[in-house]
There are 2 protein chains.
Amino acid sequence: MAPQDDVRREVALLLRRLNVELDAVGQRFAHLHGLNRTDVRALVAIMDATRRGEPMTPGRLGEAVELRSASVTALVDRLERVGHLRRIRDDVDRRRVVLEMSDSAMAAGGEHFGGLAADLAAAMEGYDDEELAVVHRFLLDMTDVVTRHARES
Amino acid sequence: MAPQDDVRREVALLLRRLNVELDAVGQRFAHLHGLNRTDVRALVAIMDATRRGEPMTPGRLGEAVELRSASVTALVDRLERVGHLRRIRDDVDRRRVVLEMSDSAMAAGGEHFGGLAADLAAAMEGYDDEELAVVHRFLLDMTDVVTRHARES
DNA sequence: CCTAATCTCTCGATGATCGAGATTATCGAC
DNA sequence: GTCGATAATCTCGATCATCGAGAGATTAGG
C-alpha cells in the first residue's frame, strides 16, 4: 500500500463529512423558517435558475428536486402560502407558470447562506493562488466522478 | 476586488455542486433498493458507527438522522422488515437494543459506495503528496467552517 | 426497596408524496 | 379556422413517513 493511501482515504472521508455537514446547514435553515428539506432544495433550485436567467417553472422544479407534478403543486402551494414565492402566468406560453421568489425569501436565504459563503471565502484567505488552483482542479475532478455515479443507468 | 476572488467564488460553487451530486448518488442508491433518503442516511450512520466499534442503538440513530423516537421505531421496523438490519437486545443493559446490519445490506452498500470510493481514489492518482496535503488541509478548513454554521444556536 | 432517570415502543393525528386522470393552453396539419 | 395531438399544470383519493404524548420495561442512586 502506497504511503499516501492513508491521505486518500482521509480525503474521501472528509468529502463525505463535508456533505453531511452541508446538509445539516440546510436542515438548520429549514427548521428556522418552518420548512422541510424539500422546500429548501426547491428554493435553492429556483434561486439558482433565476440567477442563471432561466425562469423556473413547476415542471423544471419537479425535475430539479425529483418530485411528481402532484407533489410540485403541493410544494408550490406551501411556499406560496407562506409568501416565499409567487406564481406568475407566462404571457408568451400561457400554459406555463413562472415561479418568482419573494424579496423576503431572497433576503432570508442571502443572510443564512451568504454568511456561510463569506466565512468560506474568509477561510480561503489562507491559500495562495497556486494552492487554490490545485483545490479547484481537485473539486472539478471529484465532482466529475461523483456526477458520473449519480447519472449511471 | 482581488484577482483570485473569481476562483474563490468558483470553488464555493463547486463545493455546493459536489454536495448536490453526492446527494444524488445517495438518492439513486435509495431508489434502486426501494428505500427513501432517511433510510439510506440511517444505514450509513449504522455502518459508520459499527466500523468505529460503537454499536448503534435506536436512540443514537435518532440523533444521527434527527428523528423522534416514534419515527426511529418506524424506520427500524421498515429496515428490519426488508432484512437490512436486526434488533438485538443488549444483555448488559436490557433496556437497550443494538442495531446490526445484515450481510446483504453491507454488501449492497459496499458495492454501490465502494465503487464510488474506488473511482474517487483513482481520480486522486493525478495528485502528488504535496497537492494532496493542500487538498486535505483545505477540506479540513471548509468542514470546520461548515460545521460551525450547522451547529450555531 | 423506592423513586427518578433512561431506553424503546404504541397510538392517533398530521402532512408530504404519489398515481391517475382532469383541465387549460399551444401547435401543426389540413 | 378548426381539429387532434401534445404540453403544462392542477385536482382527487390513497399511502406512508413523521410527530407529540405517553406507556412499559429496565437500570441507577439513595
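Predicted model: local features only at pLDDT ≥ 70, side-chain atom pairs only at ≥ 80, totals over all residues.

I started with the largest cavity, which holds about 90 Å³ of space. My rule for a cavity: on a 1 Å grid over the protein atoms alone, a set of points where a 1.4 Å probe fits but cannot get out, with lining residues having an atom within 4 Å of a point. Points are joined across faces, edges and corners, and the volume is the space filled by probe spheres set on them. With that rule I count 2 cavities of 30 Å³ or more.

Residues are numbered from 1 along each chain as its sequence is written, chains are lettered from A and ligands numbered from 1 in the order written, and side-chain values use heavy atoms, with hydrogens and water left out.

**Who lines the largest one?**

I looked up the lining and got 13 residues, with Phe29(A), Leu43(A), Met101(A), Ala105(A) and Gly109(A) nearest the centre. In chain A, α2 (37–51) and α5 (103–123) are the elements giving two or more residues to this lining; helices here are DSSP runs (H or I, at least four residues), numbered from the N terminus. By class I get 10 nonpolar, 3 polar and no charged residues. For the classes, Ala, Val, Leu, Ile, Met, Phe, Trp, Tyr, Cys and Pro are nonpolar, Asp, Glu, Lys and Arg charged, and the others, Gly among them, polar.

**The second one**

The second largest cavity has about 30 Å³ of space. Its lining is Leu15, Leu18, Asn19 and Leu22 from chain A, plus Leu15, Leu18, Asn19 and Leu22 from chain B. So much for residues; by element, α1 (5–32) of chain A and α1 (5–32) of chain B each give two or more. The classes come out as 6 nonpolar, 2 polar and no charged.

**Between the chains**

Next I checked contacts (heavy atoms within 4.5 Å): 56 residues of chain B touch 56 residues of chain A. The buried area (accessible area, 1.4 Å probe, that two parts lose on being put together, summed over both) is about 5,900 Å², and carbon and sulfur atoms give 62% of that. On the chain B side, Arg8(B), Tyr127(B) and His149(B) lose the most area to chain A, together 11% of what that side buries.

I also found 8 salt bridges across this interface, counting a side-chain nitrogen of Lys or Arg within 4 Å of a carboxyl oxygen of Asp or Glu. Arg8(B) turns up again here, in a salt bridge with Glu125(A) whose closest N and O atoms are 3.6 Å apart.

Definitions and conventions:
1 Å grid on protein atoms, 1.4 Å probe; cavity = no way out; pocket = protein on both sides within 12 Å on 5 of 7 lines; lining within 4 Å.
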